[in-house]
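Good morning, and thank you for making time for this presentation. Please look at the sequence and the structure before we go through them together.

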Amino acid sequence: MAPLKMKMLGFMVIMLSISAIAKGDENESSSKPPTLVKMVKGKKMCVKDWECNVLSRFCCNLTISDFFETYQFENLFSKRNSPVAHAVGFWDYKSFIIASALFQPLGFGTTGGKQMQMKEIAAFLGHVGSKTSCGYGVATGGPLAWGLCYNKEMSPSQDYCDDYFKLTYPCSPGVQYYGRGALPIYWNYNYGKIGEALKVDLLNHPEYIEQNATLAFQAAIWQWMNPVKKGQPSAHDAFVGNWKPTKNDTLSKRVPGFGTTMNILYGDNVCNQGDIDSMNNIISHYLYYLDLMGIGREEAGPHELLTCAEQKPFNPSSSPAASSS
């Protein structure tokens with residue numbers, strides 16, 4: 001069997017194994033093994049069943065499935081399997097939780113107390129919902145109920161092959177690098193970079209993203225957890241408060257909070273353009289999800305933390321490293 005097929009087979013076996021464990025836990029949460037606690041250099045570190053199974057300080061906290069359950073996922077994405085949606089049967093709660101298990105030991109949804117953990121999941125999924133929505137003003141259930149309607153760009157306008165990266169991430173003949181996934185990936189260099197990180201050959205097979213919901217969520221969470229460039233914050237760090245702005249950041253009106261996550265992920269496609277619809281749509285999804293998850297939009301903080309209307313982009317769109325969306 002070819003090495004590529006073996007690698008994908010191995011990936012699928014791992015996912016199916018974790019899926020089987022997850023399925024067993026869905027109705028038997030009390031059967032979860034107790035948390036393993038160790039002291040490492042005076043710091044408390046934990047391992048907690050399959051969902052947070054790497055020794056980490058974050059695994060001492062609640063795991064995502066402890067506070068975000070299947071019914072909440074269904075509430076947030078209630079119209080995704082409607083007949084008019086474009087990815088019926090693709091996205092589900094289990095795929096999200098399995099994907100998150102790769103990142104929970106690194107702090108995804110496991111940083112801070114329960115409220116911060118819930119807010120981060122609402123923030124991340126707010127981006128996902130906005131970027132995959134087919135909702136509109138008079139849509140059944142309202143325009144914010146249609147997240148995860150897509151898993152790929154329906155009518156690509158180009159192949160998204162950038163020959164600037166032909167030495168590092170050369171385009172595969174006949175392959176199109178149009179938007180796919182929960183936080184849609186565009187361009188050969190982004191597929192290449194994310195594929196390297198996840199150890200999946202997305203440069204030659206970007207279609208894997210639209211074929212496997214767990215992989216699609218993993219790619220999206222990877223984007224959330226990693227900066228575009230070294231020395232810059234990730235969306236995760238900007239949201240949970242790990243990032244400390246420099247003087248230049250402050251002068252550029254970049255502050256920790258939800259607004260800066262949009263700056264990191266989309267740059268001046270969304271930010272530094274005033275009060276535009278594309279920015280407000282992402283914010284609206286986040287606030288709506290806070291309400292549905294029982295946190296309440298009043299916990300989102302003041303408007304200046306939610307918006308990036310006047311933030312200068314970390315990576316202006318003229319830069320090759322600028323956001324792909």
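Predicted model: local features only at pLDDT ≥ 70, side-chain atom pairs only at ≥ 80, totals over all residues.

Which residues in α5 meet which residues in α11? On the α5 side they are Ala-123, His-127 and Lys-131. Their partners in α11 are Phe-258, Thr-261, Met-262, Leu-265 and Tyr-266.

Helix α11 covers residues 258-266, and its axis comes within 11 Å of the axis of α5, the two crossing at roughly 50°. That angle makes α5 oblique to α11. The crossing of these two helices is right-handed. By class, the contact of α5 with α11 has five nonpolar, two polar and one charged residues.

Before going further, a word on the chain as a whole. The protein chain has 325 residues, of which 51% count as buried. Its secondary structure comes to 13 helices and three strands. Among contacts in the chain with a separation of 6 or more, 64% are accounted for by residues 24 or more positions apart.

Helix α5 runs over residues 114-131 and helix α12 over residues 277-292; their axes are 8 Å apart, at an angle of about 135°. Here too the arrangement is oblique, α5 to α12. The handedness of the crossing of α5 and α12 is right-handed. From α5, the contributing residues are Lys-119, Ala-122, Ala-123, Leu-125, Gly-126, His-127, Gly-129, Ser-130 and Lys-131. From α12, they are Asn-281, Ile-282, His-285, Tyr-286, Tyr-289 and Leu-290. Sorted by class, the contact of α5 with α12 has seven nonpolar, six polar and two charged residues.

Phe-258, Met-262 and Tyr-266 of α11 make the contact with Met-279, Ile-282, Ile-283 and Tyr-286 of α12. The division by class in the contact of α11 with α12 is seven nonpolar, no polar and no charged residues.

Is His-127 buried or exposed? His-127 has a relative accessible area of 0% and is therefore buried. The side chain of His-127 is joined to that of Thr-261 by a polar contact of 2.9 Å. Setting aside neighbours within four places in sequence, His-127 is in contact with Leu-183, Trp-224, Phe-258, Thr-261, Met-262, Leu-265, Tyr-266 and Ile-282.

Helix α4, residues 93-100, is mostly covered, with seven of its eight residues buried. Those buried residues are Tyr-93, Ser-95, Phe-96, Ile-97, Ile-98, Ala-99 and Ser-100. In the loop between α4 and α5 we find Thr-111. Thr-111 has a relative accessible area of 10%, so it is buried. Its side chain reaches the backbone oxygen of Gly-107 at 2.8 Å. Beyond neighbours within four places in sequence, the contacts of Thr-111 are Phe-58, Asn-61, Met-116, Gln-117, His-236 and Val-240.

What is the phi of Tyr-160? Phi is near 55°, a positive value in a residue other than glycine. Tyr-160 counts as buried, at 9% relative accessibility. Trp-187 is found in the loop between α5 and α6 as well. Phi of Trp-187 is near 80°, again a positive value in a residue other than glycine.

With a relative accessible area of 39%, Pro-316 is partly exposed. Pro-316 and Asn-263 are 53 residues apart in sequence, and their C-alpha atoms are 10.0 Å apart in space. Thank you for your attention.

How values were computed
Residues numbered from 1 in each chain as written. Heavy atoms only, no water. Axes fitted to C-alpha atoms, helices over the stretch in contact; angles between N-to-C directions. Helix = DSSP H or I, 4+ residues; strand = E, 2+ residues; numbered from the N terminus. Parallel < 35°, antiparallel > 145°, perpendicular 65-115°, else oblique. Left-handed = near helix turned anticlockwise from the far one by under 90°. Contact = heavy atoms within 4.5 Å. Nonpolar A, V, L, I, M, F, W, Y, C, P; charged D, E, K, R; others polar. Buried < 20%, exposed > 50% of the residue type's maximum accessible area, 1.4 Å probe, protein only. Polar contact = N/O pair within 3.5 Å; in protein donor to acceptor, adjacent residues only side chain to side chain.
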